[in-house]
2 protein chains.
Amino acid sequence: MSYERPSIQRLEAYVPGEQPADIDGVIKLNTNENPYPPAPAVMQAIQDLPPEALRRYPPPDAGSFRAAAAAVHGVRCDQVIATNGGDELLRLAVTVFCEPAGDRGHGGIGVTEPSYSLYSVLGAIANTPVTSICRTSDFDLPPDLANRWNAEGCRLGFIVNPHTPSGSLTPLATLHSLAEVFNGVLLVDEAYVDFASADALSLVRPDGEALDNVLLLRSLSKGYSLAGLRFGYGIGAAPLIAALDKARDSYNTDVLSQAVAVAAIQQPDGARVGWQRIRVQRKRLGDELGHRGYRVYPSQANFLLVEPPTRGSTAREIYEALRAKRILVRHFDSDRLRDTLRITIGTNRQHDSLLAVLDEVAGKY
Amino acid sequence: MSYERPSIQRLEAYVPGEQPADIDGVIKLNTNENPYPPAPAVMQAIQDLPPEALRRYPPPDAGSFRAAAAAVHGVRCDQVIATNGGDELLRLAVTVFCEPAGDRGHGGIGVTEPSYSLYSVLGAIANTPVTSICRTSDFDLPPDLANRWNAEGCRLGFIVNPHTPSGSLTPLATLHSLAEVFNGVLLVDEAYVDFASADALSLVRPDGEALDNVLLLRSLSKGYSLAGLRFGYGIGAAPLIAALDKARDSYNTDVLSQAVAVAAIQQPDGARVGWQRIRVQRKRLGDELGHRGYRVYPSQANFLLVEPPTRGSTAREIYEALRAKRILVRHFDSDRLRDTLRITIGTNRQHDSLLAVLDEVAGKY
């Protein structure tokens with residue numbers, strides 16, 4: 001017999017991008033990892049950790065990290081919560097703001113489509129209704145989004161900005177209007193914001209708009225080359241943070257991660273050099289693919305969504321051909337995205353290998 | 001206005017034991033940490049981690065750890081799930097096996113009282129009914145427990161074994177009968193099992209009982225001196241593990257923790273020396289307190305529940321007197337436990353300091 005509840009039996013779990021066990025010789029442009037290693041200060045923080053610190057429980061509230069992040073972002077400590085990767089913040093927000101087993105039209109989450117597919121999976125796990133509204137053909141926000149979410153009784157709306165998988169950036173003014181009209185909490189997932197030209201911090205800063213219903217998600221995975229570490233955080237009004245804090249696991253971030261995260265966030269200038277290099281490489285790769293007849297969506301993230309020329313191989317064929325050469329990119333098998341590939345920005349050398357295979361594939365047909 | 005749902009507003013969050021920021025000179029016997037540092041091989045695993053490993057996402061399923069744990073415990077890899085501390089396993093079990101917003105009598109959790117108070121908090125967070133049944137005066141399991149949980153429709157029962165806060169060990173045969181009669185999943189929380197004379201592995205091993213509704217929780221926090229790391233795991237029938245796996249965050253354990261956990265679990269002989277020392281110190285501290293007129297509950301864990309002599313200071317007064325001398329023990333302010341203290345087993349030297357203060361307090365009254 002099955003012991004899990006029926007909705008878990010029916011659940012289609014989130015499927016992360018492929019993480020090959022044998023990484024040697026693989027060019028991995030499928031999960032938006034940063035191509036550069038973390039800063040030396042970060043590795044030093046790991047070396048410096050005394051055995052005593054591992055023996056004891058970690059500071060439950062990650063106080064040192066919260067103070068460091070608050071100083072970097074110009075907010076108060078009680079406006080920051082540290083989480084085991086950004087994913088934990090997403091889950092906590094669903095747990096705290098949405099009604100479990102809520103009826104349609106009551107207490108659910110609002111998403112736009114396409115987007116990070118985990119949002120809907122988290123809704124399904126929590127048994128809360130999910131209202132999904134299609135983005136425009138250019139992947140911009142759908143018109144009248146806040147009212148449409150309100151009509152469905154959504155208590156939590158997710159906007160990933162820059163958007164995945166397109167890389168498009170919703171302007172700050174649009175987010176501001178959305179938050180003002182929406183009745184619930186607007187979670188702006190800024191996992192990719194370090195590669196963009198603007199962020200939404202002013203919506204939550206005490207010296208900015210200080211909106212009481214906006215929660216920003218930040219992650220050290222991409223911008224700080226620390227995907228392996230699992231460290232994210234939320235920034236928002238203190239009452240939102242206090243509510244999330246009640247529902248998190250007692251010691252949700254470990255002492256090593258806390259030490260590393262403090263070292264990372266206190267060195268934004270070091271990371272910034274890498275962000276700029278990625279922007280330069282993003283421009284170059286976009287141009288190269290454009291020359292080859294690809295449609296390249298304008299991106300403010302560390303990836304490009306591209307549509308291969310309609311006369312040549314399909315996106316799926318190109319994905320398979322690259323894979324055979326040990327170059328991994330992402331192909332999403334959904335109606336809206338079937339004709340596209342999402343390619344993480346790598347080094348110029350990785351791009352040269354990618355382009356060489358693409359040219360080879362193009363020559364074949 | 002408040003954005004969190006009403007049951008979160010009402011929620012009384014779990015309160016962990018005090019973790020003082022300034023630890024210098026503190027004798028910390030309040031949160032069941034191991035007094036000895038982790039094994040040298042563990043610290044070496046941290047030093048050896050290449051920056052590349054931090055840059056990339058970790059293996060999502062912690063495959064190396066699961067294989068190592070399976071080999072150590074004589075189970076199959078698909079019988080093991082790695083979690084961000086044992087607390088994550090507890091939360092996942094509630095998420096997967098219980099009905100959110102279930103009505104009384106349907107789909108809830110069963111606990112015994114007193115016990116690890118997080119169980120009930122997790123039930124409240126998930127909006128699932130909690131059926132709590134009192135333990136006997138000696139903190140043994142209540143009679144007819146499985147039928148009483150069944151009558152309330154419980155889908156998940158929690159037994160911490162050895163028990164906290166008393167340290168008592170429920171015999172294997174009792175757990176076996178409980179699992180056979182109970183209609184739901186029996187989660188045996190073995191966080192303290194490394195200090196006990198027996199464990200419940202045979203209930204889940206393929207060459208043992210292989211029960212389909214038993215889930216064991218293990219933790220590296222106490223037995224392996226790694227409370228700072230946040231690493232736990234579950235062992236059970238493969239279908240239970242698969243169900244839990246669907247609901248966990250995609251990358252729930254980080255690459256550093258995975259490497260450290262593999263190093264730790266592959267060195268059980270190193271840890272075992274420490275377990276034996278703690279058993280010896282437990283015996284000595286129990287004897288010393290017994291001589292002083294304390295009631296000492298027989299313990300198979302790394303702590304002692306003790307009742308001070310009724311004629312002297314109250315437990316609370318002793319707790320405060322110790323605290324003033326920077327010795328932390330645990331006092332639970334509940335009807336059943338108000339007259340007791342829970343003291344973590346430390347080193348003999350820490351015990352000498354503890355006993356000296358207790359004697360001083362006793363002399364005062």
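Me: Which residue of chain B forms a salt bridge with Arg91(A)?
Reply: In this predicted model, local features need pLDDT of at least 70, side-chain atom pairs count only at pLDDT 80 or more, and totals for chains, interfaces and linings use all residues. Residues are numbered from 1 along each chain as its sequence is written, chains are lettered from A and ligands numbered from 1 in the order in which they are written, and side-chain values use heavy atoms, with hydrogens and water left out. A salt bridge is a side-chain nitrogen of Lys or Arg within 4 Å of a carboxyl oxygen of Asp or Glu. With its closest N and O atoms 3.1 Å apart, the partner of Arg91(A) is Asp249(B).

Me: How many residue pairs are in polar contact between chain A and chain B?
Reply: A polar contact is a pair of N or O atoms within 3.5 Å; within protein, one must be able to donate a hydrogen and the other to accept it, and residues adjacent in sequence count only if both atoms are side-chain atoms. Across this interface the salt-bridge rule finds two salt bridges. For polar contacts, with both residues at pLDDT 80 or more, the count of residue pairs is 36.

Me: Which helix gives the largest share of the side of chain A that touches chain B?
Reply: Helices (H or I, at least four residues) and strands (E, at least two) are DSSP runs, numbered from the N terminus. Elements giving two or more residues to this side include helix H1 (6-10), helix H5 (86-97) and helix H10 (255-265) of chain A. The largest share, six residues, comes from H5(A).

Me: What area is buried between chain A and chain B?
Reply: Buried area is the accessible area (1.4 Å probe) that two parts lose on being put together, summed over both. In contact, meaning heavy atoms within 4.5 Å, are 77 residues from chain A and 77 residues from chain B. On the side of chain A, Tyr3(A), Arg55(A) and Tyr57(A) lose the most area, together 14% of what that side buries. Carbon and sulfur atoms give 56% of the area between the chains, which is about 6400 Å².

Me: By what turn can chain A be laid on chain B?
Reply: Copies are superposed by least squares on the C-alpha atoms of residues with pLDDT of at least 70 in both. The RMSD is 0.0 Å and the shift along the axis is 0.0 Å, with a turn of 180°. The two copies are therefore related as by a two-fold rotation axis.

Me: Is Asn213(B) buried or exposed?
Reply: Asn213(B) sits in the loop between strand E6 (185-189) and strand E7 (214-219) of chain B. Among the residues that Asn213(B) touches, not counting those up to four places away in sequence, are Tyr3(A) and Phe182(B). Buried means under 20% relative accessible area, exposed over 50%, partly exposed in between (1.4 Å probe, protein chains only). Because its relative accessibility is 4%, Asn213(B) counts as buried.

Me: What is the phi of Phe139(B)?
Reply: Phe139(B) lies in the loop between strand E4 (130-134) and helix H7 (145-151) of chain B. At 2% relative accessibility, Phe139(B) counts as buried. Although Phe139(B) is not a glycine, its phi is positive, at about 70°.
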